[in-house]
Amino acid sequence: MPRETLVGTRIRERRTLAGLRQAELARRSGISASYLNLIEHNRRRIGGKVLQDIARALDVEPAVLADGAEASLIASLRDAVGDRAGGVPELQRVEELANRFPAWSRVLNESFQRITSLEKRLAAASDRLTHDPYLAAAFHDVLSSVTSIRSAASILSDTAELEPAWRDRFHRNLNEDSARLAESSQSLVNYFDNSEDAGIGITTPEDEVEAFLQAHNFQIPAFEAETSSEEMIQVEAGKMRSAAARFMLESFLKQYWWDVQALSADRLIKAVAEFGIDPLQLAQHLLVDVTLVMRRLASLDENQIPTPVGLVICDASGALSYRKPVAGFAIPRFGAGCPVWPLYRTLSAPLQLFQTQMTYSGDQRGVYQSYAIAVPVTPSAYNQPPLLRAYMLIRPVALSKSDAKPRQQPENEQHTRVGVSCRLCVEVSCAARREPSILAEGL
Amino acid sequence: MVKHVLIIEDEPNIVEALSFILSRDGWAVSLHADGNDAVEAVQRKRPDLVILDVMLPNKSGFDILKDLRDNADTQELPVLMLTARGQNKDRVMAEKLGVSRFMTKPFSNADILSAVQELTLC
């Protein structure tokens with residue numbers, strides 16, 4: 001039911017709540033009962049003085065009758081219910097629901113928000129528990145210690161006449177394993193204590209590098225300055241705690257430093273102002289490689305370009321080596337991403353630039369423009385296939401959340417529905433699914 | 001005739017406990033701690049049963065099991081697999097590869113003895 005026609009319904013509900021007869025409200029409002037009857041059945045539009053008189057008679061603000069529930073509440077309910085119900089016929093009556101039962105609607109909406117928040121936390125925790133190599137090793141260590149302790153204790157307890165040499169050995173083993181168990185348990189406790197958000201803490205080299213990049217918002221201002229020098233790479237990489245993280249950050253910074261030399265931020269920002277965020281057009285205009293444009297766009301601050309961008313980079317195995325998320329489009333911290341991502345399609349068609357509009361199947365239901373390409377990273381050699389690296393730049397398409405629909409597709413552009421990874425995706429019937437979703441089917 | 005168990009496990013204290021309880025039960029026990037040449041060790045020592053850990057240095061217990069099942073000499077050899085990875089997918093994987101028994105750590109000594117005895121009943 002259209003929003004403006006609900007004024008009458010709201011008046012009727014308010015009158016009923018106030019325990020007034022139609023004739024009494026009409027009298028207090030200075031209108032005839034038959035006219036009020038038409039208004040209450042939404043057969044007459046009202047406003048101005050009549051609306052104010054009725055509102056005064058009902059002791060409510062005119063806006064309560066005119067506007068009903070807040071638009072944000074309706075939009076939020078539509079989003080939340082729409083995601084879960086998969087488009088039930090009653091979705092079109094969400095406005096009526098919010099107007100007739102505003103308090104219940106708010107409770108419902110808060111519950112949906114809470115569920116969404118918990119789902120996110122669960123997804124993050126599950127992702128970590130499933131794929132984190134540190135946790136796998138730590139739990140293995142704990143279980144091995146417990147197994148050894150249990151066996152040794154059982155031998156000491158159940159063997160009637162145990163030779164002193166054996167007894168001493170198992171006592172020693174018990175001592176060693178209990179110390180090892182205490183150490184690994186403490187390590188696990190520290191691990192979880194250090195986690196700031198749903199069990200996410202800095203423990204692996206990948207985490208260390210990612211934390212560095214996030215702290216710098218994926219931009220290294222010192223490298224952008226004219227006075228920068230290559231020696232700064234070692235200085236920055238030296239801040240990493242582990243050797244593995246130093247190696248990974250050094251590789252990234254080397255690439256970053258050379259990228260800055262090849263394409264300065266100022267030059268790119270000027271080009272973006274003219275051509276927008278279209279990596280192919282920018283590359284053609286700037287006479288540089290399209291992957292350089294993608295990397296440099298990802299290094300710009302959100303305030304420097306019209307819309308923020310995300311970037312993922314993977315090698316030929318599909319392993320992600322760079323993850324810059326963009327609003328609403330989550331990127332898994334561990335394991336492979338969504339098999340439907342255009343990123344992976346590029347690996348079978350190197351050097352072909354894919355432009356794909358993606359509808360994200362996550363809780364945000366966002367629409368994103370992606371540009372993806374796989375390029376060789378090794379020089380040509382006889383009878384040797386090149387090693388490939390694939391890039392996917394992600395740009396949110398500006399649409400309102402409540403009615404996000406893909407726009408009309410140009411002929412040379414594709415559209416696809418994507419998720420984060422199978423484990424965290426609600427698209428139950430996706431042909432690319434390789435494992436059940438913890439969100440759609442429960443743990 | 002004394003039956004022979006080969007324990008392929010890299011945790012020394014678990015190995016010691018297993019060796020003790022199996023020896024006490026009358027088994028001849030030999031040991032191997034590395035995944036790399038585990039299959040060769042089985043072929044060389046010809047045990048009546050193998051106790052195989054999943055997480056071994058250099059080669060996983062799953063890969064070793066697969067190699068054993070691919071080899072005509074060891075196709076029927078009873079293999080008792082021990083793992084700290086109790087996830088169902090690991091159990092399914094082990095069964096698919098032809099494991100004789102799959103046990104998760106921590107296990108009890110009595111369960112191990114019982115499993116070994118059952119698997120070597122002719």
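Visitor: A residue counts as buried if 20 or more other C-beta atoms, placed from the backbone, lie within 10 Å of its own, exposed if 12 or fewer, partly exposed in between. How many residues of β1(A) are buried?

Guide: Five of the six, so to speak: strand β1 of chain A, residues 310–315, is mostly covered. This is a predicted model, where local features need pLDDT of at least 70 and side-chain atom pairs 80 or more, while totals for chains, interfaces and linings use all residues. Residues are numbered from 1 along each chain as written, with chains lettered from A and ligands numbered from 1 in written order.

Visitor: Which way does β1(A) run against β5(A)?

Guide: Antiparallel. Six bridges pair β1(A) with β5(A), residues 388–396. DSSP must find at least two bridges for a pair. V312(A) faces M392(A) of β5(A).

Visitor: And what about β2(A)?

Guide: β2(A), residues 320–324, is joined to β1(A) by four bridges, again antiparallel. There, I313(A) has Y322(A) as its bridge partner.

Visitor: Which residue has a positive phi in that hairpin?

Guide: G318(A), near 95 degrees. Four residues sit between β1(A) and β2(A) in the hairpin.

Visitor: Switching to helices. At what angle do α15(A) and α16(A) pack?

Guide: About 120 degrees, with the axes 10 Å apart. α15(A) spans residues 265–275 and α16(A) spans 279–286. Both are DSSP runs of H or I, at least four residues; strands are E runs of at least two.

Visitor: Which residues meet there?

Guide: From α15(A), R267(A), A271(A), V272(A) and F275(A). From α16(A), Q281(A), L282(A), H285(A) and L286(A). Contact takes C-beta atoms within 7 Å.

Technical notes
Axes fitted to C-alpha atoms, helices over the stretch in contact; angles between N-to-C directions. Contact = placed C-beta atoms within 7 Å.
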